[in-house]
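Open the model in your viewer and keep the selection tool ready. We will go stop by stop.

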Amino acid sequence: MQYFKKPSISLHILGRILQIESALLLCPLIVALIYRESKSNILIFLALIFLTGVIGFCLARRSIEGEKLYPRDGLLIVALSWILLSFFGSLPFYLSGQIPSFLDAIFETVSGFTTTGSTILEDVTVLDHSLLFWRSLTHLIGGMGVLVLTLAIVPGGNSAAIHLMKAEVPGPSFGKLVAKMRTTARLLYAIYLVMTAVLLLILCLLGMPIFDAFIHAFGAAGTGGFSNMPNSVAAYNSPAITYALAIGMLAFGVNFNLYYLVLIGQFRRALKSEELRAYLAIYLTAVGLIFLNLIAYYKQLGTAFRESFFTVASIMTTTGFSSADFAEWPLFSHVILLILMFIGGSAGSTAGGLKVSRVLIMGKIARREMRLSRQPHRVISVRYDKKALSHQERAVVVNYFIVYILLFILLLLVVALNAPSYDVAFSAVAATFNNIGPGLSIIGPSGSYAGFSALSKIALTISMLFGRLEIFPLLYLFTAWRKS
């Protein structure tokens, strides 16, 4: 039994992805040259650019014009592409010796590409500028998805593109913006990059150094949260920068389809989005509750509100930036933040978590079942954005949630074998599975994952990939290997 139904087109796309990674490695190379870093750093980047470029060329050289891609191939390509990206992306850290453990280098790179932001670095300042830049650039690449970028240059018809987009773009469903998938991919990336550039400019105007502005703009855009400062955003002690990043994170946690509607003049239709309204309502409610809980903790209303405003934005969008060590906050605030970790941002955004749309739909399904228990013969539909959901659409959401819970429990059991406490184990899995980054206690904003065992780091690395790819591509990869 063939692993791929269409191995030629699958290998071609994987080759194109490696070619893109080769081109992207030019960015940290330029940074290394600007900051006059060691010759070894420059040679490492040059060697990896050559290696990934050559491998990519060999895989992609065969023409695939007119070939179709099957749904199973889409799932496998997505899973394998993220593994390949992470493997080659980890080599600069490992070969430079600045992350001497290959497992730690893989953990850090997967955390970057999946926009998780969990780190094994106890002191981020040990990294050179080029490696810091590459570390945060992985957020920008992984935020919208490298396959979305690849689709703009992959030859072939819409059939190949749509299976890849469905497998990689987060959310319970994927909708095309326009008829051609390649045009949809270009529109998504154009909106994404323009928003990133605007945030970058704002941070520079607010006084953040330009290198730092790139790092934090990439982190906010990809909702990843890597910083070049040991205490993250708190290092700047600037309310303006704090609010700017909070608003930026919230903006990137919105479904990008809504921005397209705004661009074509359908502003009212965008505002009528049920998910958008719920997203903002959950955010504002959480800010209000945590603000009230922190008044006694901070004693200054302005500080309590700012920290609530920023931290809720950071956790709900699964970014992971910190302006304060929320691990020291009262238990009530911890519970709200944990709930937000699971809810996450909007479908079709760069945020992780279950997604607001799924939570809404599951709530409506639960309400329908309760009403049916009282009136079993009544016909009650589940409506989302004024459209009745079919039985199959409801089943997809419920099945995803069931698999989500089962995988979470399995990962928690593995991590609990070596974790120092329950709250550390639980928040570690919650933070990685939902692509958030920092957890509670020793893995809070001022901590790291360095103390975890090798087994736990492997489990948490897999957890990050499951979370970013929304379970099924990676799960299918494991079952496909078993069946092949």
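Start with glutamate 108 and arginine 135: both are buried. This is a predicted model. Show the two side chains, which meet in a salt bridge at 2.9 Å, N to O. Glutamate 108 sits in helix 5 (residues 102-113) and arginine 135 in helix 6 (residues 129-144), so the pair ties together parts 27 residues apart in sequence. The whole structure holds six salt bridges.

Next, select helix 20, residues 454-468. Its 15 residues reach 21 Å from first C-alpha to last, close to the 21 Å expected. Eleven of the 15 are buried, among them Leu460, Met464 and Phe466.

Step past the helix to glutamate 470, where phi is positive, near 55°. Lysine 355 meets glutamate 470 at 3.0 Å, N to O. Glutamate 470 lies in the loop between helix 20 and helix 21 (472-483), and lysine 355 in the loop between helix 16 (331-343) and helix 17 (356-374), so this pair ties together parts 115 residues apart in sequence. Arginine 358 meets glutamate 470 at 2.8 Å, N to O. That pair spans 112 residues, with arginine 358 in helix 17.

Now check the cover. Glutamate 470 has a relative accessible area of 8%, so it counts as buried. Lysine 355 is buried too, at 1%, and so is arginine 358.

Finish on the surface. Select Arg268, Lys272, Arg277 and Lys386, which gather in a patch of positive charge. Lysine 386 is in the loop between strand 1 (383-384) and strand 2 (387-388). Lysine 386 is exposed, with a relative accessible area of 69%.

Technical notes:
Residues numbered from 1 in each chain as written. Predicted model: local features only at pLDDT ≥ 70, side-chain atom pairs only at ≥ 80, totals over all residues. Heavy atoms only, no water. Patch = residues over 30% accessible without salt bridge, like charges linked within 9 Å, V, L, I, M, F, W, Y side chains within 5 Å. Areas by Shrake-Rupley, 256 points an atom, 1.4 Å probe, with all protein chains shown as cover. Salt bridge = Lys/Arg side-chain N within 4 Å of Asp/Glu carboxyl O. Lys, Arg positive; Asp, Glu negative; His and termini not counted. Charge placed at Lys NZ, Arg CZ, Asp CG, Glu CD. Helix = DSSP H or I, 4+ residues; strand = E, 2+ residues; numbered from the N terminus. Buried < 20%, exposed > 50% of the residue type's maximum accessible area, 1.4 Å probe, protein only. Expected span 1.5 Å × (residues − 1).
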